Structure formats: C-alpha cells, structure tokens
Amino acid sequence: MSVTGKHIVILTPGFAKDESDTTCIPVLQQYLRTYKAVYPEDTCTVISFQYPQKKQYNWYGLKIWVIGGRNSRFPFRLFTWFRVISKFRTIHNSHKVDIIHSFWLTECTFIGYYLSKIYNIPMIATAMGQDCASRNRYFNILKLNNIYVTALSSFMSDHLLKNSGKAVNQIIPFG
C-alpha cells in the first residue's frame with residue numbers, strides 16, 4: 001500500500017455507530033468529514049473507547065475501531081485502556097502514526113499522552129466543554145503543560161486556565 005499523507009489517530013470516548021447515526025458527537029463527525037475532504041491524502045483512524053459496541057467498521061471511508069468499554073467503572077475501565085493501547089500498537093505497526101489527536105481532557109487524553117511518549121508521536125488534545133470544569137479529576141494526573149491543547153472557544157479557554165492552570169495553545173472553533 002502506498003502511503004503519501006500523514007496518519008492521524010483520533011481518540012474519542014464515542015463515535016457514530018454507522019453513517020446514519022448523526023446524533024453521536026455531530027461536531028466530531030463534521031470535523032472528520034471536512035478534514036478528509038480538505039486533506040484527502042491523509043489517513044484518519046478513529047479509536048472509540050466506549051461507544052458503540054461494534055468492533056470495526058468503515059464510516060465515509062474512515063476506519064473506526066471500537067473498544068466497547070461501555071462506560072465501565074474503575075477498576076474495569078483499565079481493561080478498556082489496555083485494549084486501546086493494544087489496538088493502537090497494532091495500528092501503528094501496520095501504518096506508522098504521525099499524530100495522535102484526543103478529544104476531551106479525560107481518559108482519551110490520558111491514554112493518548114501515554115502513547116505519545118511511548119512511541120514519540122506528537123499529540124493534540126481538544127477540550128470540548130465540560131472537561132474544562134473544575135470537577136475534572138484528570139487535571140490531577142494529566143501533564144497538560146506537555147500537551148498541545150486546543151479549545152473550541154475563548155470561554156472554554158478561560159475556564160481551562162482558571163481550573164487547571166493551563167492556557168490553551170490555540171482556539172479553533174468548530175462549525
């Protein structure tokens with residue numbers, strides 16, 4: 001297989017179960033469809049941690065890998081994380097990953113940061129809203145100053161700075 005563009009792995013808690021599912025994180029769906037239209041030479045692979053329950057499928061030409069964690073609680077959530085790490089290793093071994101992009105400053109960013117350090121791959125994390133609130137437990141374990149963080153608005157950026165001490169690197173509004 002001839003590879004010309006970048007390979008980006010998207011880490012997200014959930015994704016559309018098929019092309020007719022327009023209600024599961026529509027902003028992420030639109031982002032990926034637009035990205036693919038603008039950069040057709042790049043490859044985007046999605047790893048969905050929790051939803052849906054299918055294992056692998058194609059969505060508008062993108063490969064979607066579903067771990068199917070079903071929002072299990074700790075310590076069972078660790079099994080989901082191990083499956084994500086294993087799936088990432090398989091993907092990276094078959095088609096070198098150039099960028100990891102996680103959505104939400106939660107478990108996806110936590111695991112993405114770990115993978116970026118292990119494989120020496122640049123990482124981007126996008127704050128999506130409620131993850132900027134002070135109740136985000138991941139602020140205690142994430143090294144946000146070592147991650148390139150984007151936010152969807154200056155409002156979210158302000159809350160992230162206030163609640164975590166991290167200023168976003170870039171505001172990129174969706175839509």
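Rings of Phe, Tyr and Trp (its six-membered ring) pair if their centres lie within 6.5 Å; planes under 30 degrees apart count as stacked, over 60 as edge-to-face and the rest as tilted. Ring pairs link Tyr-31, Tyr-35, Tyr-39 and Phe-103 into a cluster.

This model is predicted, so local features need pLDDT of at least 70 and side-chain atom pairs count only at pLDDT 80 or more, while totals for chains, interfaces and linings use all residues. Numbering runs from 1 along each chain as its sequence is written, and side-chain values use heavy atoms, with hydrogens and water left out.

**Aromatic pairs**

The count comes to eight aromatic pairs. Two of them are tabulated here.

| Pair | Centre to centre | Angle between planes | Class |
|---|---|---|---|
| Phe-15 and Trp-59 | 4.9 Å | 80° | edge-to-face |
| Tyr-35 and Tyr-39 | 4.8 Å | 40° | tilted |

Phe-15 lies in the loop between E1 and helix H1 (26–38), and Trp-59 in strand E3 (residues 56–59), so the pair ties together parts 44 residues apart in sequence. Helices (H or I, at least four residues) and strands (E, at least two) are DSSP runs, numbered from the N terminus. Phe-15 has 0% relative accessibility and counts as buried; buried means under 20% relative accessible area, exposed over 50%, partly exposed in between (1.4 Å probe, protein chains only). Trp-59 is also buried, at 0%. Tyr-35 is buried at 17%, whereas Tyr-39 is partly exposed at 39%.

**Helix H4**

H4 spans residues 154–164, with Met-156, Ser-157 and Leu-160 buried. These residues cover an arc of only 100° around the axis, which puts them on the same side of H4. The arc is that of the directions from the helix axis to the C-beta atoms. The face turned away from the buried side carries the exposed residues Phe-155, Asp-158 and Lys-162. The buried residues pack against strands E6 (123–127), E7 (148–151) and E8 (170–171). Contact means heavy atoms within 4.5 Å. Gly-165 follows H4, and its phi is positive, near 85°.

**Thr-45**

Thr-45 sits in strand E2. Its relative accessibility is 6%, so Thr-45 counts as buried. Leaving out residues up to four places away in sequence, Thr-45 touches His-7, Ile-8, Val-9, Ile-10, Lys-63, Trp-65 and Ile-91.
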